[in-house]
Amino acid sequence: MNLSRFRIIRSLLPALTLVAAGAALVPANAADPLAGAPAAGTCYDLTIAQVDKPSASEDTVACTKQHTIWVTGSVALPDGVPADSSKQAYVNYATTTCQDLRRSSIGDDDLQYAESAYTITFFLPTQAQRADGARWVSCGVMLVKGGSNVRSARETPRPLADPMPDAIELCQDSQFRTTPCTTDHKYRVTYATTLTGKSTYANWQKAAAKTCPSKVKTNRWSWSAKRLGPNSSVLACLNKNAK
């Protein structure tokens, strides 16, 4: 055996071991995927137009102040889920995750959720936050009121209940827009059910036409649907001028 070669290899072993061990360690300056994510128990004061954006650049506010969204939590995006609101994989993950957080926040009865004026919200980190390595989805719930959303100083949202309080029960105005039943309305929810199959408008419309006529008391009726996930939804049927 060539002893000189053996000594060279032996002298390299400590260095090779250190490199291998170091590769398993998380670098001290590794990006935090939850950096900048809003915490549960904080709130946003955003308009409907701001809610429709992929990210919220505005700061959260204390829930004792006027606000429109209660933050239910933030979750790091798993590998394989893009931080891109145009990708269906992100939308599916965000919807499913935020529905789970909604259940733990205001109530886990999906039919009661269908019968309410609540809807979930979700946001990505801003572009600047993503550039720094943030990868999360933040979830919230808000009350829809016609073409806007309800501002409130309640620290926590009203929980779902049976019977549903008028302040959160699902009604629709003359333009078929969701609104709490405490506001001026033309339709009120009378029935809700779960749907399976792809969560698309066409499938909801077809299910409503098949289901709602036998579940309402008037010839004039309306419907509303909400996604629970990519292949599950809830459908609500509404009576005209009921109650």
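In this report a residue is called buried when its relative accessible area is under 20%, exposed when the area is over 50%, and partly exposed in between, with a 1.4 Å probe and protein chains only. The structure is a predicted model, in which local features need pLDDT of at least 70, side-chain atom pairs count only at pLDDT 80 or more, and totals for chains, interfaces and linings use all residues. Residues are numbered from 1 along each chain as its sequence is written, and side-chain values use heavy atoms, with hydrogens and water left out.

**Buried side chains and their contacts**

N149 is buried because its relative accessible area is 9%. This residue belongs to strand 5 (residues 148-149); helices (H or I, at least four residues) and strands (E, at least two) are DSSP runs numbered from the N terminus. The side chain of N149 reaches the backbone oxygen of L46 at 3.1 Å. Such a polar contact is a pair of N or O atoms within 3.5 Å; within protein, one must be able to donate a hydrogen and the other to accept it, and residues adjacent in sequence count only if both atoms are side-chain atoms.

H67, in the loop between helix 2 and strand 2 (69-76), is buried, with a relative accessible area of 0%. Its side chain reaches the backbone oxygen of R154 at 3.0 Å. C181 lies in the loop between strand 7 and strand 8 (187-196) and counts as buried at 5% relative accessibility.

**Aromatic rings and charges**

Rings of Phe, Tyr and Trp (its six-membered ring) pair if their centres lie within 6.5 Å; planes under 30 degrees apart count as stacked, over 60 as edge-to-face and the rest as tilted. By this rule there are 4 aromatic pairs. One of them joins Y90 and F122 edge-to-face, at 6.0 Å centre to centre and 80° between the planes. This pair links distant parts of the chain, with Y90 in helix 3 (residues 88-106) and F122 in strand 3 (residues 118-123), 32 residues apart. Y90 is buried at 1% relative accessibility, whereas F122 is partly exposed at 25%.

A charge sits over a ring if NZ of Lys or CZ of Arg is within 6 Å of the ring centre and within 35 degrees of the ring normal.

| Charged residue | Ring | Distance from ring centre |
|---|---|---|
| R102 | Y113 | 4.1 Å |
| K226 | Y113 | 4.3 Å |

**The largest pocket**

A pocket is found on a 1 Å grid over the protein atoms alone, as an open set of points where a 1.4 Å probe fits, with protein on both sides within 12 Å along at least five of seven lines; lining residues have an atom within 4 Å of a point. The largest pocket has a volume of about 630 Å³, where grid points are joined across faces, edges and corners and the volume is the space filled by probe spheres set on the points. Of its 26 lining residues, T119, I120, V144, A225 and K226 are the closest to the centre. Strand 9 gives the largest share of the lining, 6 residues.

**Backbone features**

A cis peptide bond joins D162 and P163, with omega of about 5°. P163 lies in the loop between strand 5 and strand 6 (170-172). F176, although not a glycine, has a positive phi of about 65°. This residue is in the loop between strand 6 and strand 7 (178-180) and is partly exposed, with a relative accessible area of 43%.
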